[in-house]
Amino acid sequence: MLKKLLCSTAMMACAMSAHAEVKVFDFSYQNFMKDFLNVPDILKGRFSAEDKNGDGVYGASELLTFKFADIDFAPCVNAAGVSTTTCSIDKFSYQAGGPLNFSAIKSVHSDLGNAYYAARSGDSYGTTFWSPDGGAPYDTVYVWTDATQFSITAVPEPQTYLMFGAGLLALVGAARRRPTCSAKFAD
């Protein structure tokens, strides 16, 4: 009975992973020029995409979510207390083993203040904040240099954990069924 259950679970996990097309990736960039200084700051991000045409390249039309430096560029939603939020992702492409190319903009307007975020891989990431009463804006800009390093990893899918659990159950089941050896000594 246990053997049938484990085999069914393993087959179901394989079938589920075969149909899982949405992929999630964590990425980061490190070593920028900021305020005319080289800084070791790390800017992290995450995106999810579905390779709908099966060409191995994730394009802008296949992008589901995109977050960079704690800013959600996609999906674009108004946060509580924010009157207007606009977002655009003008360019996006990623192929496994290659660079991540993107250009994203987000603008937020509220009674408390306004913010503008612009990120272009290989170029710069900048933020500008200003108050609605016309105060001086505050800018921060990270500029890519030859020293800027890129890293990306795929986030394991839930089916991966399911298959891992099924494998562990199979090992436990096999260990329980194995006959124990006992040595008998004659005096």
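Which pattern does the protein chain follow when read along the sequence? The order is α-β-β-β-β-β-β-β-β-β-β-β-α.

## Model and conventions

This is a predicted model, in which local features need pLDDT of at least 70, side-chain atom pairs count only at pLDDT 80 or more, and totals for chains, interfaces and linings use all residues. Residues are numbered from 1 along each chain as its sequence is written, and side-chain values use heavy atoms, with hydrogens and water left out.

## Fold and surface

The protein chain holds two helices and 11 strands. Both element types are DSSP runs, numbered from the N terminus: helices are H or I with at least four residues, strands are E with at least two.

The protein chain has 187 residues, and 30% of them count as buried. Buried means under 20% relative accessible area, exposed means over 50%, and partly exposed lies in between (1.4 Å probe, protein chains only). The accessible surface of the protein chain is about 12300 Å². Carbon and sulfur atoms supply 59% of that surface. The areas come from the Shrake-Rupley method with a 1.4 Å probe; for residues, only the protein chains shown count as cover.

Contacts were also counted by sequence separation. A contact means heavy atoms within 4.5 Å. Take the contacts in the protein chain between residues at least 6 apart in sequence: 44% of these join residues at least 24 apart.

## Salt bridges

Side chains of opposite charge can pair when their charged atoms come close. The rule used here asks for a side-chain nitrogen of Lys or Arg within 4 Å of a carboxyl oxygen of Asp or Glu.

Asp-26 is partly exposed at 28% relative accessible area. Arg-46 is partly exposed as well, at 39%.

## The other two pairs

Lys-34 forms a salt bridge with Asp-41. Their closest N and O atoms are 4.0 Å apart. Lys-34 has 21% relative accessibility and counts as partly exposed. Asp-41 is partly exposed, with a value of 26%.

Asp-123 forms a salt bridge with Arg-120. Here the closest N and O atoms are 2.9 Å apart. How accessible are the partners? Asp-123 is partly exposed, at 34% relative accessible area. Arg-120 counts as partly exposed at 35%.
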